[in-house]
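Thank you all for making time this morning.

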Amino acid sequence: MLEDFFRPIFSWFYSPSFWGGYFPLYSANSFCAMTMYGELVPVGGGDPIPLMKKRLRVGRREGCDIVLNYGNVSGHHCLLEIEEGYWFVRDLRSRNGVKINGKRIMVGVRRRLDPDVELTIAKHKFDLRYNPTALGAYGTPPQDEQLDDMFQESLLDRAGLKRSDKDKKK
């Protein structure tokens, strides 16, 4: 009886509105609802990483949404984002790359991550678990980014370098 009296108070104290951020509360008796868009489950064991936002930067730096504090993970390694109910990944010019089911993706090219796919960030493997229908997916899944779009601009432009006046005259 007394437990029923205090449950709303503790749920409010641990709620995101109290702290101003994401702080999910899970317990056997109650659940403080936060939107979770899926989770990354480490292959071989470990705590799952909840995906709490629709766009997440993964890397070693503290400013990333998901921090993987390993030497072989780049500071800003990859970007995870949802489009039409499906997760996508983009390699942000990382040194050790990103793999989907063991196949490395090209740097800068966005690839769709279907449910229960194995995502490898550097040498760290995760199973991505989510439900596209619950995230608003319907009909045909969105397609991966096409390589044709990538080759429409020059390498200098893609690298963020500007041409000198000498190069423009040639």
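Before the sheet, a word on terms: helices (H or I, at least four residues) and strands (E, at least two) are DSSP runs numbered from the N terminus, and two strands are said to pair if DSSP finds at least two bridges between them. Please keep in mind that this is a predicted model, in which local features need pLDDT of at least 70 and side-chain atom pairs count only at pLDDT 80 or more, while totals for chains, interfaces and linings use all residues. Residues are numbered from 1 along each chain as its sequence is written, and side-chain values use heavy atoms, with hydrogens and water left out.

Let me start with the sheet, which is open, has six strands in the order β4-β3-β13-β12-β9-β10, and pairs them in antiparallel fashion. At its edges stand β4 (49-50) and β10 (103-104), and each has a single partner strand, so one side of each is left without a neighbour in the sheet. At the β10 end, strand β9 (residues 98-100) runs antiparallel to β10 and is joined to it by two bridges; in one of the pairings here, Ile100 has Lys103 of β10 as its bridge partner.

Now to the interior, where I use nonpolar core for a set of buried Ala, Val, Leu, Ile, Met, Phe, Trp, Tyr and Cys residues joined through side-chain atoms within 4.5 Å. Buried means under 20% relative accessible area, exposed means over 50%, and partly exposed lies in between, using a 1.4 Å probe and protein chains only. Which residues touch the most other members of the largest nonpolar core? Of its 28 residues, they are Leu40, Leu80, Trp87, Val89, Leu113 and Leu119. Strands β5 (55-59), β7 (78-83), β8 (86-91), β9, β12 (117-121) and β13 (124-129) each supply at least two residues of this core, and β8 gives the most, with four. If we take contact to mean heavy atoms within 4.5 Å, then Leu113, leaving aside its neighbours within four places in sequence, is in contact with Leu80, Trp87, Phe88, Val89, Ile100, Leu119, Leu128 and Tyr130.

Turning to charge, the structure holds four salt bridges, each defined as a side-chain nitrogen of Lys or Arg within 4 Å of a carboxyl oxygen of Asp or Glu. One of them joins Arg110 to Glu83, with the closest N and O atoms 2.5 Å apart, and this pair links distant parts of the chain, since Arg110 is in strand β11 (residues 110-113) and Glu83 is in strand β7, 27 residues apart. Arg110 is buried, at 12% relative accessible area, whereas Glu83 is partly exposed, at 28%. Another is formed by Arg111 and Asp144 (3.4 Å, N to O); Arg111 lies in strand β11 and Asp144 in the loop between β13 and α3 (147-150), so the pair ties together parts that are 33 residues apart in sequence. Asp114 and Arg112 also form a salt bridge, with 2.8 Å between the closest N and O atoms.

Finally, the cysteines: how many disulfides does a search of the whole structure find? The search finds zero, taking a disulfide as a pair of cysteine sulfur atoms within 2.5 Å. The sulfur of Cys78 is 9.0 Å from the closest cysteine sulfur, in Cys64, which is too far for a bond. Both residues lie inside, with Cys64 buried at 6% relative accessibility and Cys78 buried at 0%.
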